[in-house]
Amino acid sequence: MRATFALRTAARTPLIHFIGKRTVPQSVDHTPRVHPASPASNLPDSFATYRAKAQQHGPLTRHMFTGGIGGHSGASLGPVRPKAGEFFDRSELPARYGRLPWSEAEIEAIETGGASMFA
């Protein structure tokens, strides 16, 4: 039986029916406007003036790479060590904060999806 061939040959009718003829507006206003939620009440003069003032994780200007942290290599900033009482990894913590070992009952409950707890 070739059911898929029979389905392909049938005419497809959409389930959504639109009322009226499709029309495109004659004139659409594309002039830039300030967003209603914008803190500024006016648009920037150009993209260059916007970019000069914009910030994304710090200033976007070129001087960021000539001075400050971005102007130096990571090795020149010195070694990275945690302060006293701080740890970078869980394995560095004292043993009392380590993970507890699984009991056989917990392992069995997980492997059976909890069914062994009620059997």
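Which pattern does the chain follow, read along the sequence? And what lines the largest pocket?

Modeller: This is a predicted model: local features need pLDDT of at least 70, side-chain atom pairs count only at pLDDT 80 or more, and totals for chains, interfaces and linings use all residues. Residues are numbered from 1 along each chain as its sequence is written, and side-chain values use heavy atoms, without hydrogens and water.

Along the sequence the pattern reads α-α-α. The chain has three helices and zero strands (DSSP runs: H or I of at least four residues for helices, E of at least two for strands).

Now the pocket. The largest pocket holds about 170 Å³ of space. A pocket here is an open set of points on a 1 Å grid over the protein atoms alone, where a 1.4 Å probe fits, with protein on both sides within 12 Å along at least five of seven lines. Lining residues have an atom within 4 Å of a point. They are A40, N42, L43, P44, D45, T49, Y50 and K53. The lining splits into four nonpolar, two polar and two charged residues.

Next, the surroundings. Of the chain's 119 residues, 3% count as buried (under 20% relative accessible area; exposed is over 50%, partly exposed in between, with a 1.4 Å probe and protein chains only). F18 sits in the loop between α1 (3-9) and α2 (47-53). F18 counts as exposed because its relative accessibility is 74%.

Notes:
Grid points are joined across faces, edges and corners, and a volume is the space filled by probe spheres set on the points. Ala, Val, Leu, Ile, Met, Phe, Trp, Tyr, Cys and Pro count as nonpolar, Asp, Glu, Lys and Arg as charged, and the others, Gly among them, as polar.
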